[in-house]
Amino acid sequence: MFTLTEPFTCELEVKRSRFIAKAAPVDSPEGALRYLEAVREPDATHNVWAYKIGQQYRFSDDGEPSGTAGRPVLSAIEGQGLDGVMVVVARYFGGVKLGAGGLVRVYSGAAAECLRLAPRREVVPEVRARLLVPFELSNTLFHLLGGIKRESEVYTEHGLEVIFQLEESKFAAFSQQVRDSSRGKARLKQITED
């Protein structure tokens, strides 16, 4: 799975209508809607958009006939194997109607071309976890956390509590290292979002 590294814009003209596609990486539906507000072209006839963030997605035809604009933009995102992406396609009507099939082709094509040209990076799935370490083992286990993205470290009455993120593919091996190093006394648990 891939996402974009930075916002990207491209433009095309079809039968005197101008289409401006803008794409950007986003990490939440709220972030996607903020991006929409920031790049929406107020003078455009339509500002069609779609985003995909994990299992969440949304799209809008913004006044174009139902199913001819937003859904094709979302399909372009999915078709390129992208995630965490928002695309907005502004249309300045040029006086020639494109028909339903023409709209689908142009909106999906504009989005796909923008996404194809935009710089990308691979998305590495991560998990959030909580590690509870008794005081007497905190020095022993602290070295295991080297190079890991820590969100917080708190000393509680029971020992050290660390919340961190780790690549999903490394979690099982890390869990085994924690068990071995603490002789089963440290507790490691994956944090699931509700």
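**Ground rules.** I number residues from 1 along each chain as its sequence is written, and my side-chain values use heavy atoms, without hydrogens or water. As the model is predicted, local features need pLDDT of at least 70 and side-chain atom pairs count only at pLDDT 80 or more, while totals for chains, interfaces and linings use all residues.

**Entry 1: the open sheet.** I looked up the strand order. Five strands form an open sheet, ordered β2-β3-β6-β4-β5, with antiparallel pairing. My helices (H or I, at least four residues) and strands (E, at least two) are DSSP runs numbered from the N terminus. Two strands pair if DSSP finds at least two bridges between them. At the edges I found β2 (8-14) and β5 (56-60), each pairing on one side only. From one strand to the next, the twist averages 15°.

Strands β4 (residues 46-53) and β6 (residues 85-92) run antiparallel and are joined by seven bridges. Lys52 has Val85 of β6 as its bridge partner.

**Entry 2: helices on the sheet.** Which strands does helix α2 lie across? Helix α2 (residues 70-79) lies across β4, β5 and β6, and runs at about 40° to β4. Helix α3 (residues 99-117) packs on the sheet too, touching β2, β3 (17-25), β4 and β6. Its direction makes about 45° with that of β3. Contact here means heavy atoms within 4.5 Å. Axes are lines fitted to C-alpha atoms, for helices over the stretch in contact, and angles run from 0 to 180 degrees between N-to-C directions.

**Entry 3: α2 against α3.** Two packed helices are described by the angle between their axes and the distance between the axes. I looked up both. The axes of α2 and α3 come within 8 Å and cross at roughly 35°. The crossing is right-handed, meaning that the near helix is turned clockwise from the far one by less than a right angle. On the α2 side, the contact is made by Pro72, Val73, Ala76 and Ile77. On the α3 side, I noted Val104, Tyr107, Ser108, Ala111, Ala112 and Leu115. These residues divide into nine nonpolar, one polar and no charged. I counted Ala, Val, Leu, Ile, Met, Phe, Trp, Tyr, Cys and Pro as nonpolar, Asp, Glu, Lys and Arg as charged, and the others, Gly among them, as polar.

**Entry 4: Glu64.** This residue sits in the loop between β5 and α2. Is Glu64 buried or exposed? Glu64 counts as buried because its relative accessibility is 9%. The cut-offs are under 20% relative accessible area for buried and over 50% for exposed, with partly exposed in between (1.4 Å probe, protein chains only). Leaving out residues up to four places away in sequence, Glu64 touches His46, Val48, Ala69, Arg91, Leu103 and Tyr107.

**Entry 5: Lys15 and Arg16.** Most residues other than glycine have a negative phi. Lys15 has a positive phi of about 50°, and Arg16 one of about 70°. Lys15 counts as exposed at 54% relative accessibility. Arg16 is exposed, at 57%.
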